[in-house]
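The tour goes from one selection to the next.

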Amino acid sequence: MTRSLLIPSFCGLVLVGCATGLRPPALTYGIDLDGDARVDRIETVQQGRLARVALAPAPGSRPLRTVVIAIDAVPYAVFARVQREGRFREFFPAARMIAPFPSLTNVGYASILKTAPGLGYEDRYYDPVKNAVGGGVSDRLRGNDYKRVAPFHELFTWEPPHLWGVAIYYFPMTISQKELRKIEEILHTSHDRELVLYFGGTDALGHVRGWKGFEDCLRLVDQVVHGFLAAGGAERRVVLFSDHGTTAVRSRRVNLAAALRRGGFRLTSRLDAPGDVVAPAYGLVGAIPLYTRCGEEAAVARAVAALPGVDFAAWREGNATRAVSGDGRPDPLDLPQDRYPDLRARVELGLRSYIAHPASVIVSLADGWHYGSGLFDALATMEGTHGSATRDASVGFVASNVDRLPETLRAEEVYPYLGLSRPPEPEHPRVDACPAPE
């Protein structure tokens, strides 16, 4: 039997002391009974006496109650490092989760949670049937319209109020702590058989404060989750996961409009004339979905691929997937797996799946570059981003207190490990504005 002390999360050890508003941590001991790198027994000590014992589910079992916490944008490398330092010891070692391409929230959650496809890769989208751009910040301000754009939101038992997302780039840690306090309250008071909770503040935290911000916040998450498990929640299945990763380098904006102009195209909000291109800009991310008139995909991709900061641009040509890069590589998708995981399959699916109206061209940017809304560019200096096909942007994590997971999972392989009773959403038809000839 291996017996080890779990470091108490006293005020001096968490990010900003007791100002977090989280429950004061108790003195606990974690015991790994079978030496499998997971704490099986948590003993809580009060006034020098054993006050409570919480036992973990048997590995591979099927607990009657489930808690799933989606922690937005946290890279596998960050979670694994925090876990190695002694946090999240009630969980088996985390698995790598290979996000879809583009590595964006709407796409990732739709794939992981098996929900209906959204209207766009992000909350601002282009509808080729209506020939109009829709969604965006205005949907957040109006209320629940964003759930129509991204149906995965309907699956959450709780998610942050929509107005919190408007302020989060200004106060990322403050909002994150506010979300954690609510999650902690739900964990300790809810009697629901299944809880699916969304911790979204980490996405902005990673954009603005980088990987150090993730690490600081994950230590608070560990305090919340450990307190819940020690208080009696340990018998439940508990799964933590992220929807994608985040790069670890400061990024700057690419000049998409200039590249299109040099190629004889123009950036607009409708496809009314030859040369029109729509790029529904929203978050500051490392991928750009482009919508073009039928037959102009290859020319637009070549124009954008010449732009500094572009890794490659890919498009559909009949039933085939084509790609071009600025450096003229014969096969732009022939890139090392350790830097661009599962690249070819992810690009092919990204051009055909995940949303109701897949893009004509998808551009993947190199680490250190982003594109998106000028409004958000004015709010924050970007210490990291996601969306591209690169490793750090693409590799999230999954950690379970019940299952020893495979070393690597694709996003679409995660759902069975969540332990949810809801059946996956069946495949929905997607609209191809330029179908391949019969």
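In which loop is P102 found? Select P102 to begin: the residue is in the loop between β6 (95–98) and α2 (105–113). Keep in mind throughout that the model is predicted.

**The whole chain**

Now zoom out and colour by secondary structure. The protein chain has 12 helices and 20 strands. Its radius of gyration is 22 Å, close to the 22 Å given by the globule rule for 438 residues, so the chain is as compact as a globular protein of that length. Along the principal axes, the C-alpha atoms fill a box of roughly 75 × 40 × 40 Å.

Switch to a surface view. The chain exposes about 17800 Å², and carbon and sulfur atoms supply 51% of that area. Of the 438 residues, 59% count as buried. If you display contacts, consider those with a separation of 6 or more: residues 24 or more positions apart account for 72% of them.

Next, colour the charged side chains. There are 50 positive and 50 negative ones. The centres of these two sets lie 3 Å apart.

**The disulfide**

Select C294 and C434 together. A disulfide joins the two, with an S to S distance of 1.9 Å, and the count for the model comes to one disulfide. The pair links distant parts of the chain, 140 residues apart. C294 is in the loop between β14 (287–292) and α9 (297–305), while C434 is in the segment after β20 (408–410). Turn the view to look along the S-S bond: the angle about it is -95 degrees, and the link of C294 and C434 is left-handed.

Is C434 buried or partly exposed? Its relative accessible area is 22%, so C434 is partly exposed; the cut-off for buried is under 20%. For another cysteine, select C217, which has a relative accessible area of 1% and is therefore buried.

**Two residues with positive phi**

Go to A37, in the loop between β2 (27–32) and β3 (41–46). Phi of A37 is near 70 degrees, a positive value in a residue other than glycine. At 49% relative accessibility, A37 counts as partly exposed, because exposed requires over 50%.

Then move to Y354, which is found in the loop between α10 (343–350) and β17 (361–365). Phi of Y354 is near 75 degrees, again a positive value in a residue other than glycine. How is Y354 classed, buried or exposed? Its relative accessibility is 10%, so Y354 counts as buried.

**Helix α12**

The last stop is D392. Select residues 391–394 to show helix α12, where D392 has its place. D392 counts as buried, at 16% relative accessibility.

Terms used: Residues are numbered from 1 along each chain as its sequence is written. This is a predicted model: local features need pLDDT of at least 70, side-chain atom pairs count only at pLDDT 80 or more; totals for chains, interfaces and linings use all residues. Side-chain values use heavy atoms; hydrogens and water are left out. Helices (H or I, at least four residues) and strands (E, at least two) are DSSP runs, numbered from the N terminus. The radius of gyration is taken over C-alpha atoms; the globule rule is 2.2 Å times the number of residues to the power 0.38. Buried means under 20% relative accessible area, exposed over 50%, partly exposed in between (1.4 Å probe, protein chains only). Contact means heavy atoms within 4.5 Å. Accessible areas come from the Shrake-Rupley method with a 1.4 Å probe; for residues, only the protein chains shown count as cover. Lys and Arg count as positive and Asp and Glu as negative; His and the chain ends are not counted. The place of a charge is taken as NZ of Lys, CZ of Arg, CG of Asp or CD of Glu. A disulfide is a pair of cysteine sulfur atoms within 2.5 Å.
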